[in-house]
Amino acid sequence: MDADQPERTPDGRYIVVKGRRWRATDPEIPEDVSAVLRRHLMAARRAVAASHRNADPAAEKLARSRVHTAKVALGERGTPWWEQSLAERRRRWEAGAAELDSPGSPDSEPPG
């Protein structure tokens with residue numbers, strides 16, 4: 001096992017961290033798309049922390065919504081990726097990426 005990668009269950013559907021199972025990211029997501037989704041996820045998590053520091057419930061609600069969108073797009077929430085066809089999985093990650101990348105999104109990156 002690669003030291004940089006968490007332990008996985010034999011079926012590959014879950015990672016194991018400190019004895020707890022967490023749903024694994026959909027392995028069919030292209031690495032470049034997965035990297036963008038992870039960047040959005042981490043930015044949203046930082047926004048949740050900032051909203052706590054600033055006692056801003058509206059910002060927290062928006063940030064938590066973005067965390068959820070990223071997690072669903074990655075296949076870590078929602079319908080389990082192994083229960084979806086490849087076409088359904090592709091639609092899931094493409095829709096999530098499009099929503100997170102949309103202009104005006106708090107953590108969207110400018111083009112170029």
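Predicted model: local features only at pLDDT ≥ 70, side-chain atom pairs only at ≥ 80, totals over all residues.
Lys 18 lies in the loop between strand E2 (14-17) and strand E3. The phi angle of Lys 18 is near 50°, a positive value in a residue other than glycine. This deserves a remark because most residues other than glycine have a negative phi. Lys 18 counts as exposed, since its relative accessibility is 86%.

The protein chain contains 3 helices and 3 strands, and from the N terminus on its elements run in the order β-β-β-α-α-α. Of the 112 residues in the protein chain, 34% are buried. The accessible surface of the chain comes to about 7400 Å², and 52% of that surface belongs to carbon and sulfur atoms. Among contacts with a separation of 6 or more, 54% are made by residues 24 or more positions apart.

The helices may be taken next. Several residues of H1 are buried, among them Ser 34, Leu 37, His 40, Leu 41 and Val 48. Helix H2 (57-74) and helix H3 are included in what covers the buried residues of H1.

Beyond the end of H1, the chain shows another positive phi. Just after H1, Ala 55 takes a positive phi of about 50°, although Ala 55 is not a glycine. This residue lies in the loop between H1 and H2. Ala 55 counts as exposed because its relative accessibility is 65%.

Helix H2 contains Thr 69. Is Thr 69 buried or exposed? Its relative accessible area is 13%, and a residue under 20% is called buried, so Thr 69 is buried. When residues up to four places away in sequence are not counted, Thr 69 touches Gly 96, Glu 99 and Leu 100.

The charged side chains form another part of the picture. Side chains of opposite charge can pair when their charged atoms come close. In this model the count comes to 6 salt bridges. One of them joins Arg 92 with Asp 26, whose closest N and O atoms are 2.7 Å apart. This pair links distant parts of the chain: Arg 92 belongs to helix H3 (residues 86-101), whereas Asp 26 is in the loop between strand E3 (20-23) and helix H1 (31-53), and the two are 66 residues apart. Arg 92 is buried, with a relative accessible area of 11%, and Asp 26 is buried as well, with a value of 2%.

A further salt bridge forms where the side chains of Lys 71 and Glu 76 meet, at 2.6 Å from N to O. Both Lys 71 and Glu 76 are buried. Salt bridges that share partners also join Asp 26, Arg 89 and Arg 92 into one network.

The salt bridge between Glu 31 and Arg 38 has a distance of 2.8 Å from N to O.

The aromatic side chains complete the account. A pair of aromatic rings is described by the distance of the centres and the angle of the planes. The count in this model comes to 2 aromatic pairs. Trp 81 and Trp 82 form an edge-to-face pair, at 5.1 Å centre to centre and with 85° between the planes. The arrangement is called edge-to-face because planes over 60 degrees apart are given that name. Trp 81 is buried, with a relative accessible area of 7%, whereas Trp 82 is partly exposed, with a relative accessible area of 22%.

Together with Tyr 14, Trp 81 and Trp 82 form one aromatic cluster. The ring of Tyr 14 also has a charged neighbour: the charged end of Arg 21 sits over that ring, 4.0 Å from its centre.

Definitions and conventions
Residues numbered from 1 in each chain as written. Heavy atoms only, no water. Phe/Tyr/Trp six-rings, centres within 6.5 Å; stacked < 30°, edge-to-face > 60°. Buried < 20%, exposed > 50% of the residue type's maximum accessible area, 1.4 Å probe, protein only. Lys NZ or Arg CZ within 6 Å of the ring centre and 35° of its normal. Salt bridge = Lys/Arg side-chain N within 4 Å of Asp/Glu carboxyl O. Helix = DSSP H or I, 4+ residues; strand = E, 2+ residues; numbered from the N terminus. Contact = heavy atoms within 4.5 Å. Areas by Shrake-Rupley, 256 points an atom, 1.4 Å probe, with all protein chains shown as cover.
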